[in-house]
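Work through the exercises below with the sequence and the 3D structure at hand. Each task is followed by its solution in steps.

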Amino acid sequence: MLGGAIPNGLLTAFRRMSAFRKGGRVMLDLIYIAIGVLLIALMGVYADACRRL
Amino acid sequence: MTIVGWSQIAIVLALVLAASIPLSKYIVKVMAGERTLLSPVLLPVERSFYRLAGVDETREQTAYVYTLAMIAFSVASFVTLYGLQRLQNMLPLNPQGFDPVAPDLAFNTAVSFITNTNWQNYSGETTMSHLTQMLGLTTHNFVSAAAGLGMAFALVRAFSRSASTTVGNFWVDLTRGSLYILLPISIIGALLLILGGVPQTLLGSFDATTLEGAKQTISIGPMASQEIIKELGTNGGGFFNANSAHPFENPNAWTDIIENWALLVVPVASVLAFGRAVGDLRQGRAVLIAMAILLVAGVLVTYWAETAGNPLLTALGVDPSQGNMEGKEVRFGQALTSLFAVATTSTSTGAVVAMHDSFTPLGGLAPLFNLLAGCIWPGGVGAGLYGFLIVAIIAVFVAGLMVGRTPEYLGKKIEAREVKLAMFAVLIYPLIVLGFSGASVLLQTALDSLGNSGPHGLSEIIYAFASTNANNGSAFAGLNGNTPWFNTTLGLAMLLGRFAYVVPVLALAGSLAAKKKAPASAGTFPTTGPLFVGLLIGVIVILYLLQYFPALALGPVVEHYLMLSGKTF
């Protein structure tokens, strides 16, 4: 059940994103910039964790 | 397979080795900040960069600060490259008037180029302005490669120093790698490519009349300058969607040899430079021999499988004498195509001279395995060296377990912390590749992107995530990756494949640098001989072949047997 639920949830999220895309590109820009910046910045936390290992 | 074909392969590899020896000496000097032949010209330029950025070149960083500097640089690079694509319609050097790149595609492309992947979900000739190509993409071809080289040398310094708190300065490594190593070779290489017929112009396109009288718009642009650093920096992002298979990017066998040489030369030289930097060239030689055996084994598999051909095509009446020529360029032939396919996936280049999707199942298996292992023989600029040194650490750990002694490598004791960090790095790859591939095969929106069904479709998905995760960027070509699902997940695979891998590597560098260098004793496991080479290869087989065996069995292996029984996908 879980194996199907997660991808289906992601699919719904992506469908909404595609619909959202038509209306608000600036918002979508902010989402993608946030994903990239946060994920790379999170690596600083990972680096700190590795340092303290 | 023919003698002539193997001779072509041998000539390219010999040219790489011949150039790598002097280049390795030069790399060691540059990364140590010693004076070189180019210093009178480049030193003032280098110092002006430091003055402009407020960098003190004499001040080294701890591994943690080095990592933070790399992360800060990557964040800034990501935001500027994303913005450049989204605003290209308002910026100069857009002679064809291209629209802004779509947000999901801009995200994917920005991540792709800052991570040295160059996965392309777009056709450059119809999507990117000249400014985006030159200022955005080509610039990152230099700096992402130089960053990789810097990180590798942080690890090399950790081995060569005793009880040190620092591993180098990220900003200095980045500047020196770009300015002294990549830029001069690129200038010479671009001129050679122009001589070979690769265009270099700021014009956008021109119209031609075909023999049938139709009008055809032909895209041109600053190709030679992008082409050389695409290979030299093991980037792989082509000006055209067809990449190095396009006759403008790679017009003939001569340019093909230059490009094949360029994508191997810096990674090979870096390995020899590692040996020189740690004060024992034999250490670098042993690692290089292990890499070379794996590389040549891959070429052997692909060359054999492609020349053996596809029995289904033979049954249709296609002349089998040339082997499987589907998706290949006649001007390169089987041998150079096989070498390029394996070399581009053994390094993290990802440029292609043929469509890997059209290879026979076993012919495509070797490039796919190279990707799954993280492209480390000889690997990307810097990335291959630190990737293989991680394997070396695991290898000496395994040897230590077998003989019951504390393992050591290059005089540094390998203890629990180092092995944990090495395993963090190694295990992130299967987690990403198998995790995202598994999610994709369950999603109809992802399956709709496939060009083929059955095991070949599975190979297309695994190849895409393996390629992006290993920061390679080559595509199997049957998968349409330009969808919100793949643009986003492949982007995440690239980010995690680069940063989640290199963070523990740099932490490992910090840990090793702090240790005292112990002199070799009678109980030290020798890491320069054939036994160590065999152990390295054995560890790679155990680590990677077993990790991915189920995926490979369900993809190319089962497809091979189905092909023999007359079924295609």
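**Exercise 1.** State how many salt bridges are counted between chain A and chain B, and name the partners.

Step 1. A salt bridge is a side-chain nitrogen of Lys or Arg within 4 Å of a carboxyl oxygen of Asp or Glu.
Step 2. Between chain A and chain B the count is one salt bridge.
Step 3. The partners are the side chains of A:D29 and B:R86, at 2.6 Å from N to O.

This is a predicted model, in which local features need pLDDT of at least 70 and side-chain atom pairs count only at pLDDT 80 or more, while totals for chains, interfaces and linings use all residues. Residues are numbered from 1 along each chain as its sequence is written, chains are lettered from A in the order in which they are written, and side-chain values use heavy atoms, without hydrogens and water.

**Exercise 2.** Describe the extent of the interface between chain A and chain B.

Step 1. With contact taken as heavy atoms within 4.5 Å, 27 residues of chain A touch 34 residues of chain B.
Step 2. The two chains bury about 2900 Å² between them, 79% of it on carbon and sulfur atoms; buried area is the accessible area (1.4 Å probe) lost on putting two parts together, summed over both.
Step 3. A:Y32, A:I40 and A:L53 supply 24% of the area that chain A buries against chain B, more than any other three residues.
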